[in-house]
Amino acid sequence: MSEKKYWKGIEELRNDAEFVRLKNNEFFEHLPVDEKISRKAEANDVTPRRDFLKFMGFSVAAATLAACETPIVKSIPYIIKPEEITPGIANWYASTFWDGYDYCPVVVKTREGRPIKIEGNDKSLITGGGTSARVQASVLSLYDTARLKTPFANGAPASWENIDAAVSKKLADIAAKNGKIRILSSTIISPSTKKIIEEFTKKYPGTQHVTYDSISCSGIIKANKESFETAAIPSYRFDKADVIVSFGADFLANWISPIEFAGQYAAGRKLDNGKKKMSKHIQFEANLSLTGSNADKRYMMKPSQAGVAIANLYNAVARMTGAVTLNVPDAGELKNAIEDTAKQLVAAKGKSLVVAKSNMASVQNIVNGINVLLESYGSTINLAEPCMTRQGNDDAIKNLWKELIDGEVSALLIYNCNPCYTLPDADKFTTALKKVELTVSFSDRSDETAGNCHFICPDNHYLESWGDAEAKKGYYSFSQPTIAPLFSTRQFAESMLLWSGAGNNYHEYLKSFGENVNGWESKLKEGVHEMLSQESTAIKFMSEVLSASASIVSTMKSSGGLELILYEKTGIGNGNQANNPWLQELPDPVSKVTWDNYLCVSPKDAREKGWNNNNVVTLKANGVAMDVPVYVQPGQTPGTVALALGYGRKNCGKVADGVGVNAFAFSRITSEGIMYWSNCDVAKSTKDDYMLAATQLHHTMMGRKIVKETMLENFIRKSDSGNEELLIPIHDGEEKKKLSPDKVNLWDSFETPNHRWGMSIDLNSCIGCGACVVACTAENNVPVVGKDEIARSREMHWIRIDRYYTSDAAEGDLSAMEQPSDNPQVVFQPVMCQHCNHAPCETVCPVVATTHSSEGLNQMAYNRCIGTRYCANNCPYKVRRFNWFEYTTNSKFTDVNPSQSELGRMVLNPDVVVRARGVMEKCSMCIQRIQETKLNAKKESRKIADGEIKTACLQACPTHAITFGDYNIAGSEINKMWKPEERSYHLLEELDVQPNVFYQTKVRNTEAGEKHES
Amino acid sequence: MSELHEAVVRNPLVLGEKTYHQITEDVCRPVEGKANKYWWMAFTIAFTAFVWGFCCFAYTIGTGIGAWGLNRTVGWAWDITNFVWWIGIGHAGTLISAILLLFRQRWRMSINRSAEAMTIFAVMCAGLFPALHTGRPWLDYFMFPLPNQFGSLWVNFNSPLLWDVFAVLTYFSVSLVFWYLGLIPDLATIRDRAITPARKFIYGLLAFGWKGTARDWSRFEEVALVLAGISTPLVLSVHTIVSFDFATSIVPGWHTTIFPPYFVAGAIFSGFAMVMTLLVIARKVLSLEQYITVQHIESMNKIIILTGSIVGIAYITEFFIAWYSGVEYESYAFINRATGPYWWAYWTMMTCNVITPQLFWFKKIRTSLTASFIISIFINIGMWFERFVIIAVSLTRDYIPSAWTMYHPTFIEVGIFIGTIGFFFTCFLLFARVFPVIALNELKTILKRTGNQFVKRHE
């Protein structure tokens, strides 16, 4: 060991006493720890000003930096990922939409377990993949905040166990004393549910099932019973009819099975691929319906005239076919119209179809008589294949009501109908309801009826339900849940199953029900199981009903005063989805008014009485009086007024409550059934004007070739009739020339090396129903903006359906041309971004936020957009939509915009960004769908097939009016639509903005000089 | 100097037997003295309007452009109308200081300072609208071609709106420099007369060490001439480019090749009207009647007749071309202006802009202060309506009738407009208190030729 000694410092070498003392301390120097941190020190210490400023500066800076952090949205990954769910990939489930009113086999798109979009099931022979606005919107009703979250017993939340115990006990008590039990429901098309009701009836023998449709077709069923001894509604084939005559039946939007009929109707009128034949459609009606708007010939008729007019048509047809005529009064002013119609019907004998809306069996008997004379049975009408979607029996509801008033009913179970809202004199029904010992409602919300019931056992939304449906005899379709019930709700069928003691699981019951046992999985997967259609069997017509009917019809006379007709709107229908903001915001296809019902008044009456739009009048009919705003509706029959059903809901939810008035109050129950028209009085009210919000304020085309139209005979002669080539006069040196607009063009074309997407819209197929508008809203997260904003012309729909009326004015008289005819012809034109190849919007954006893609699309880069709105100004089609507010947070939209609630946000399509305030948006041609298909094709190393991509509007369309495809694929559908099709044209062709969207001329089956008579 | 005689036909431009010292005294009085009660009243009103406008502005920023009355069809209305109106008003200043300088119009001396100040403030008001009318004004910097890290993100040089950004900013900066340059000798005068150290210090800083030497003056005049040369094309270019916003678009009623000259004439027209409005008041309030004389007013009125007539001819030409073109959309746009739902706006414009300035053919009206003031107000209103008719009314009814709608302003956008008027007058009133409203040192250079006493001597 070395003797060397290393010392730490001179102090250690010296080893003085002070060093020795300090050596034992860990820190050689004194650390002022105690002084600094002791309480005492704190009390005495004075923080120097500089330190204070330093600390403050640091804190402020730190706090500021911390505050700068962007809000964190937590997304939680699956801990155990369900096998079938891949985040970002949609799952599709076949199901069936049926709400007691509309039927549609659907395919439901779910993302990460949430249903977000409804498409039609194209395997269905009934709807052929078509949908309607109401079907499209139904997905939002799933996320309705007004839905009950638990069952209710006597107005208080309760548990299912308690409810089951209480209801079962009550039912047992009632059964024990042989009390009457009544089940009141709308039409049930589910065979298994019907079976369960049978089981229930078996257990409680005092049970009777009453079927009641708020919009009843009971008269047709009754008439068929009388005429053919078949109490059912037949199948109609509008596609097989060469001449279609409808008396008030709005079969394209509301009547019996509108999606099916719209598809058939369009099929019979398509003129593509060189077809030169289309059906002729004649409509007699009081209010201008969607169906009437599409008619080739439309006659205005008062509802009181319908019976006599139909009977006269019978006589005219009978005379021509050599049958016995009926003894009825003369048709008056409709005489010539009837005569003319009869001629056309008889000429198309065996290929014609007459339908009527009337709910009077006597009237329907005569309609049946006409169809028998025309030999429609077996060709356009099939009684062997009855349609099940309307089974309501007006006599049954009348009986039930009487029983209720007499206090004979001990238990009333109300399913899928809302009698306290939809019945005339609903207050009396409500009073009668209170006498019942046990009332159970299965409503999903505490609405007008459910609020008056002892128990509310909320039914699942259809997207949470199992089920089967038989909309037509032999045509089955199935429902499966696409999401676990959001709330503590239970299917009606399951509740009934439990109470009837026949089981406790409806799913199991359904699987083993009847034929379902065979191939259940595959049936469920397909969604539909449709047998071969039933051959029409020979019918036996009880012609003796005619004379009896004729004598009833003969008593129908106009009182000479105003007549009120109640109609259903394409969006709201019977009002069961009134709390759906997408439907409220959908402009009525004809009036273009949103968020309200109103009294449609004919222009003639308005002129005579001095009524203007938005004036408030008092409407009195059947002892009920209400103040309603006036809307002057061209096409409304003079001497009639019309009011839409489905509005004026109470306790339905914050969207529906207080919107419009309840027109069901004006309906009446007669010996014939429920009538949706009556005589009325209208007097100007002293109230201030009421603001109606319409999306279209100008109704005529002002002589511009916006919607090109021609007559069938001209079209047969010349395929480009109405679409003659447009030439622009130019000076070429000394010469005067005329060139087509694309020859006089300053711009270079964009290269589209891979794809060039295009869309074609057949104006001859479009019926204007608005399914595409709602489909687009759902697909593209289009915000709902509410009535006030619509009134400021700020609707956000990416696709709109323009509706134009014809005008009687002479060409050139511009102010007169603004006025539509009193009974105008109507055209519809869906307009969305036209994706111009020489887009005016692209050149003016200072920040290049809107650009042209290499696939021919006009794109929006939302992040880059600063919102100058220059692009919108320069868009000749006015399809650009600006985010005036932050719709997802601004309190102005809380009541209407579903995106403001956690629940409502679940419907958002995660593939489409929700646009911020101050940003321009517009149709993207469903770029997310294009992209998805491209990626799938790439993964599979193949080219995209023609027709593989379907935009939301295209897919929703019940009439297949829209074609989408790639111009770069030779022989693609879109190319076929563009080149050889001489009806094709670009909107505002003279501007040469070269849109990728084009239209086909509308062809009307009229004769020269013919127009709707006023 | 004494050899250069003023023509006998010319009236004196400086009345009263002014000496150099008197000019200094007269012009510096408002700057050095206390404000009178009229000034305070005017300032209170203007400042209140400004604050009101600021609140409306803040509300718009807070909630969105939805606070205004615009809609899917009418994307621009009051916002861009106000922008063009204010930019137009700004044109008189540069015209007076640049073009009239080059043409050696000596009468410009007593009005150029306030006209230039007006230009600066008007352009500031104008600039507010394009900046604020965007949906996301906090991202307005996207409109500048800034190098960035976003990849190939760049501005769109095809867009007239981008040209606007450059045109207006150039105009503003050149006008500001020109105005300030002219102020330097006068600021030095105030500095030299200052009796408090603070004043001396501040004006000393602002005067940039002006010594008034021959070299200073020589450089001053050279720079003024250079800036006049730069500004002159700007007088024509700025409003030409503003008019491109419309002329290059395809909106019927906007898409018009006549717009550049028509807009420039209109701008000068409205600019002179606003100078008139201001000076008729200012000469009274600031007791400058002997410097801003009826002679000045009359000269300006002559320019108003000229530009007003150009504008009138432009209106008629537009109509003729709309018919002659045979384009139905174009024809309809003009018929709609005159007879459609906004006929009243059109006829207000026609009356104010075409008919009223023609009254200036009468010497009695042309030389009447009251008449000039009233007519100048008419023109200010008429020119606002001209822009409203072009911008908003054309948009309400363009190609597709289904999209036609009406435009109704909200009180928010009206408030913002009132706020800019408040801002303009607040600035102008402050300007009148801190800077000499007449270019006093420049004015002195013409006193010996056009002063009342000197002009008389040659008779």
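## Chain B

Of the 459 residues in chain B, buried residues make up 51%. The model is predicted. Chain B has 17 helices and 0 strands. Its radius of gyration is 23 Å, close to the 23 Å that the globule rule gives for 459 residues, so chain B is as compact as a globular protein of that length.

Taken along the principal axes, the box filled by the C-alpha atoms of chain B is roughly 70 × 55 × 45 Å. Among the contacts in chain B with a separation of 6 or more, 84% are between residues 24 or more positions apart.

## Contact between the chains

Chain A brings 45 residues to the contact and chain B brings 39 residues. On the side of chain A that touches chain B, at least two residues come from each of α28 (840-844), α29 (870-873) and β38 (881-882) of chain A. Sorted by class, this side of chain A has 22 nonpolar, 12 polar and 11 charged residues.

## Nonpolar core

The largest nonpolar core has 423 residues. The residues with the most contacts inside this core are Ala309(A), Ile310(A), Leu564(A), Leu599(A) and Val275(B). Helix α9 (residues 259-285) of chain B gives the most to the core, with 16 residues.

Leaving aside residues up to four places away in sequence, Leu564(A) touches Leu619(A), Ala621(A), Val641(A), Leu643(A), Phe666(A), Trp677(A), Ser678(A) and Cys680(A).

## An open sheet in chain A

Four strands of chain A form an open sheet in the order β40-β33-β42-β41, with mixed pairing. At the edges stand β40 (962-966) and β41 (984-985) of chain A; each has a single partner strand, so one side of each is left without a neighbour in the sheet.

Strand β33 (residues 757-762) of chain A pairs with strand β42 (residues 997-1000) of chain A in the parallel sense, over 4 bridges. Opposite Asp762(A) stands Gln1000(A) in β42(A).

## The pair β34 and β35

Strand β34 (residues 800-805) of chain A and β35(A) run antiparallel and are joined by 6 bridges. Two positions illustrate the pairing: Arg803(A) stands opposite Phe828(A) in β35(A), and Ile801(A) has Pro830(A) as its bridge partner.

In a regular strand the side chains alternate between the two faces of the sheet. For β34(A), Arg800(A), Asp802(A) and Tyr804(A) are on one side and Ile801(A), Arg803(A) and Tyr805(A) on the other, and all are buried. With 6 of its 6 residues buried, β34(A) is therefore largely enclosed by the rest of the structure.

Strand β35 (residues 826-831) of chain A also has 6 of its 6 residues buried, so it is largely enclosed by the rest of the structure. One of its faces carries Val826(A), Phe828(A) and Pro830(A), the other Val827(A), Gln829(A) and Val831(A), and both faces are covered.

## Helix α18

Helix α18 (residues 492-500) of chain A is mostly covered, with 9 of its 9 residues buried. The buried residues of α18(A) include Phe492(A), Met496(A), Leu497(A), Leu498(A) and Trp499(A), and also Glu494(A) and Ser495(A). Among the elements that cover them are α7 (160-176), α8 (191-203), β14 (409-415) and α19 (506-511) of chain A. Just after α18(A), Gly501(A) has a positive phi of about 70°.

Conventions. Residues are numbered from 1 along each chain as its sequence is written. Chains are lettered from A and ligands numbered from 1 in the order in which they are written. This is a predicted model: local features need pLDDT of at least 70, side-chain atom pairs count only at pLDDT 80 or more; totals for chains, interfaces and linings use all residues. Two strands pair if DSSP finds at least two bridges between them. A residue is buried if 20 or more other C-beta atoms lie within 10 Å of its own, exposed if 12 or fewer, and partly exposed in between; C-beta atoms are placed from the backbone. A nonpolar core is a set of buried Ala, Val, Leu, Ile, Met, Phe, Trp, Tyr and Cys residues joined through C-beta atoms within 7 Å. Two residues are in contact if their C-beta atoms, placed from the backbone, lie within 7 Å. Ala, Val, Leu, Ile, Met, Phe, Trp, Tyr, Cys and Pro count as nonpolar, Asp, Glu, Lys and Arg as charged, and the others, Gly among them, as polar. The radius of gyration is taken over C-alpha atoms; the globule rule is 2.2 Å times the number of residues to the power 0.38.
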